[in-house]
Amino acid sequence: MKKQYALIGLMALMIQFAQAQFTLEGEFRPRSEYFGNGGNFTGGSFPAQTATDADEGFIRTTVRAAIIAKYKAETYSVYTSFQEVFAFGDRPQISTAGNGNFRVQEAWADLKLGEFSSLKLGRQPLSYDDQRILGGLGWAQQARTHDAAVYMYKKNKLSLDIGGALNTTLDEVYNTSALFSYRDMVFARVNNKGEKFNISFLALLNTFQDSAVDGSNKSSLLTAGAHADYKTGALSLAANLYLQEGERVGGVDVKGALLASILAKYKVSDKLTLGAGYESISGRKDDSAAFFPLYGTNHAFNGLIDRFYVGNHGNAGGLNDLQVSLATKISGLAVTLTGHYFTEVEDVDGFDGKDLGSEIDLVIAKKFKEFKLVGGYSHFFEPSEISDLPGVKSTQNWAWAMLIIKPKFIN
């Protein structure tokens, strides 16, 4: 009799899995970085330095290790990922405790509401378009997630996402220590995707709070704009236009702050693509704070060395970024070379000129059968007005190498 019950249970389980899909995956991503000839960097990917580090340069190795479970049924899907980010040497060899960086990275459910709509609820990345304003920040080992609920509607070429996110705890202590860490956020994004032309409109309203005691001292910032891209033949174009109005954390006024960009790429052949682009981000004025790109994947813009808008440059003189690029394939290697020239929009540093320096970024990637290797080198050249100052290096460089393995344990 027990065997019959066991057989019935096994058959029920098989029927359930026949109607659903379960996947268990992993990720192992070590990255070694060399921070050379340093001393001028104040944020971004660059960690705190000692005097010796600044003079001689130093190497740091970090690892993202993750377990990812996906389950898809007829009316819902569930996604959970557990992740630890650690640095080589951050824990004694026989320590009984971890480094405190193990966490639930993502945990969400996507509920099917109808033929064209669903509700995604839980800890999740918010990533749209080129990730200029909302992005997953995949470059950072810890990445970025939001505790949010998002209603999604998609029919044919049109899609609409409306969502809200919270950054609170039970005792209503709000995290204002991080740059632009919000109390709550609501957003809406409309997208129309055609074969050649794609356009999106995004608006998000952030509420920041300085006081965690009585709920006072709130500030609200509205960011709204559009992303568009167009492709025809060998030519592709992409553009962004975003506006910010309201108040930053602490009630700092923001009036007509602007981000505008355009990027063009031309595919000369199967092995060569040329690119050119320009981006302008408004800076601090007498009556307004600067534009800040909030929760985008800022590492992908304005130079890979993260000199601007990666935990830094938040309310400075803005930025003009003129860039040219070349992407090619050599003996199975994907090679990209990009040059940037940076200038200041508003002269707030007291120098006569607005030159902020230039940068060269080289990235080389190689795909193997079951893993991927990526590496690069970046070199930043200070303008003469800054490099002539005492204690400032004229150049800074950074090199990195990363291994990416994503095993599928159960599929």
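**Note on surface patches and selected residues**

1. Phe-381 is a residue of strand 17, which spans residues 372-381. The model is a predicted one. With a relative accessible area of 33%, Phe-381 is partly exposed, because the value falls between the 20% limit for buried and the 50% limit for exposed.

2. Phe-381 belongs to a nonpolar surface patch, together with Phe-197, Tyr-230, Leu-235, Leu-237, Tyr-266, Val-268, Leu-274, Leu-326, Leu-337 and Ile-360. The accessible area of these residues together is about 910 Å². Two elements, strand 11 (235-247) and strand 12, each supply two or more residues to the patch.

3. Lys-267 has a relative accessible area of 43% and is partly exposed.

4. Ser-219 is located in strand 10, which covers residues 218-232. Is Ser-219 buried or exposed? Its relative accessibility is 2%, so Ser-219 counts as buried. The side chain of Ser-219 comes to 3.0 Å from the backbone nitrogen of Gly-251.

5. Gly-277 is part of strand 13, residues 272-281. The relative accessibility of Gly-277 is 8%, and this residue is classed as buried. Between the C-alpha atoms of Gly-277 and Lys-265 the separation is 8.6 Å, and the two residues are 12 apart along the chain.

6. Leu-137 has a phi near 55 degrees, a positive value in a residue that is not glycine. Leu-137 is placed in the loop that joins strand 5 (117-124) and strand 6 (146-155). At 16% relative accessibility, Leu-137 counts as buried, because the value is under 20%.

7. Asn-156 likewise has a positive phi, near 55 degrees, and is a residue other than glycine. The loop between strand 6 and strand 7 (158-166) contains Asn-156. Asn-156 is exposed, with a relative accessible area of 70%, whereas Leu-137 is buried.

Definitions and conventions:
Residues numbered from 1 in each chain as written. Predicted model: local features only at pLDDT ≥ 70, side-chain atom pairs only at ≥ 80, totals over all residues. Heavy atoms only, no water. Buried < 20%, exposed > 50% of the residue type's maximum accessible area, 1.4 Å probe, protein only. Helix = DSSP H or I, 4+ residues; strand = E, 2+ residues; numbered from the N terminus. Polar contact = N/O pair within 3.5 Å; in protein donor to acceptor, adjacent residues only side chain to side chain. Patch = residues over 30% accessible without salt bridge, like charges linked within 9 Å, V, L, I, M, F, W, Y side chains within 5 Å. Areas by Shrake-Rupley, 256 points an atom, 1.4 Å probe, with all protein chains shown as cover. Salt bridge = Lys/Arg side-chain N within 4 Å of Asp/Glu carboxyl O.
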